[in-house]
Amino acid sequence: MFHKPWTGVLPATLCPFNDDDSIDEIGLRDYVQYLAAVDGITGLVCNGHTGEVMSLRNHERARVTEVIADEVGQKVKVVSGVCAEGSDEAIAQARAAKDVGADAILLMPPHHWLRFGRTSETAVGFFEDVAHGADIDIIVHQYPAWTKAGYSLAEMQAMAQLDRVVSIKMGTRDMSRWAYDYRNLKISAPDVSIISCQDEYLLVTLLDGADGALVGFAGFVPELITALVKAALSGDLEQANMMQDKVRPLSQIVYRFGEPSSDAHQRMKCAMTLLGNFPSMRMRRPIRPLPQQEIDRIAAELTEAGFAVLERNIS
């Protein structure tokens with residue numbers, strides 16, 4: 001059912017690290033091979049918040065992209081997150097990603113906007129600059145509506161008219177706006193896919209209007225998320241609810257009634273390591289290791305949810 005470009009399920013990938021904080025490239029290759037082999041996975045998105053982009057140097061972001069493109073670029077699309085405070089730096093990151101095999105970039109808003117805001121001309125102009133300067137397909141990263149970096153419908157409509165904008169990762173997190181924005185964007189830019197990134201209530205957004213999902217949770221339990229997305233988008237509500245019931249306890253383990261965050265991604269990395277599907281729960285500084293009691297809690301809740309857990313004191 002995911003025959004159109006930039007639809008389906010695109011996991012936001014975690015990034016494994018060695019004990020010396022270097023990137024565990026062997027572990028990364030094994031991890032993305034596992035994800036790319038799951039039916040329904042159409043692309044992998046590295047260097048997002050799930051992948052600890054804030055702690056990666058620019059050359060490391062390019063290297064993560066290169067490793068993934070080399071390992072699975074013939075099977076799925078490869079997208080690299082671009083996180084920069086100005087147009088020139090964003091263009092440089094986008095070009096670096098393109099040079100090592102990325103099919104597209106996920107363009108985040110400059111984070112100083114979160115504090116100071118910006119004009120519509122600046123927001124749309126940022127995408128114009130990168131589209132013209134890097135010549136690579138762009139997925140718009142829509143931040144929550146309550147932030148000063150979230151885009152209005154009019155701004156997203158203007159971005160969607162740019163030749164290089166192929167998709168919008170809709171993270172509005174305002175359900176009163178979700179369906180309205182989706183339907184109006186589909187009228188003005190029918191070829192631009194709208195994909196949900198709302199891990200914590202994914203089924204609701206899929207049913208309200210979405211062409212797929214770009215979520216970190218698909219990098220945790222890809223089989224469940226692809227089944228959920230397929231069922232929801234095909235209108236099989238009984239199957240979708242069945243999958244949601246399986247996802248729900250895992251969602252509580254990771255998100256704890258909150259949104260995706262560094263803490264949530266750390267719990268996700270811990271859970272995957274406990275299940276034997278990830279090489280290490282190590283996070284980059286300044287995030288500190290989870291206390292043993294938290295690891296024990298995650299292990300116990302995974303066991304209660306029916307999953308086989310490895311030794312609990314894995315580091």
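**Figure 1. Arg29 is partly exposed, with a relative accessibility of 21%.** Here buried means under 20% relative accessible area, exposed means over 50%, and partly exposed is in between (1.4 Å probe, protein chains only). The model is predicted: local features need pLDDT of at least 70, side-chain atom pairs count only at pLDDT 80 or more, and totals for chains, interfaces and linings use all residues. Residues are numbered from 1 along each chain as its sequence is written, and side-chain values use heavy atoms, with hydrogens and water left out. A salt bridge is a side-chain nitrogen of Lys or Arg within 4 Å of a carboxyl oxygen of Asp or Glu. Arg29 makes such a bridge with the side chain of Glu71, at 2.6 Å from N to O. Arg29 belongs to helix α1 (residues 25-36) and Glu71 to helix α2 (residues 58-72), so the pair links distant parts of the chain, 42 residues apart. Helices (H or I, at least four residues) and strands (E, at least two) are DSSP runs, numbered from the N terminus. Glu71 counts as partly exposed because its relative accessibility is 23%.

**Figure 2. Lys269 and Glu52 form a salt bridge.** Their closest N and O atoms are 2.6 Å apart. Lys269 sits in helix α11 (residues 262-274) and Glu52 in the loop between β2 (43-46) and α2, so the pair ties together parts that are 217 residues apart in sequence.

**Figure 3. Glu60 and Arg57 form a salt bridge.** The closest N and O atoms of this pair are 3.1 Å apart. Glu60 counts as buried because its relative accessibility is 8%, whereas Arg57 is exposed, with a relative accessible area of 51%. How many salt bridges does a search of the whole structure find? The search finds 20.

**Figure 4. Trp113, Phe126, Phe127 and Tyr151 form one aromatic cluster.** A pair of aromatic rings is described by the distance of the centres and the angle of the planes. Rings of Phe, Tyr and Trp (its six-membered ring) pair if their centres lie within 6.5 Å; planes under 30 degrees apart count as stacked, over 60 as edge-to-face and the rest as tilted. By this rule there are six aromatic pairs. One of them joins Trp113 and Phe126: the ring centres are 5.8 Å apart and the planes stand at 75°, so the pair is edge-to-face. Trp113 lies in helix α4 (residues 113-116) and Phe126 in helix α5, so this pair ties together parts that are 13 residues apart in sequence. Trp113 is buried, with a relative accessible area of 3%, and Phe126 is buried, with a relative accessible area of 4%. The rings of Phe126 and Phe127 have centres 5.9 Å apart and planes at 85°, so this pair is edge-to-face. Phe127 is buried, as is Phe126.

**Figure 5. Asp88, Glu89, Glu128 and Asp129 form a negative surface patch.** For patches, residues must have over 30% relative accessible area and no salt bridge; like charges are joined within 9 Å, and nonpolar side chains (Val, Leu, Ile, Met, Phe, Trp, Tyr) within 5 Å. Asp88 lies in helix α3. Asp88 counts as exposed because its relative accessibility is 67%.

Methods. Accessible areas come from the Shrake-Rupley method with a 1.4 Å probe; for residues, only the protein chains shown count as cover. Lys and Arg count as positive and Asp and Glu as negative; His and the chain ends are not counted. The place of a charge is taken as NZ of Lys, CZ of Arg, CG of Asp or CD of Glu.
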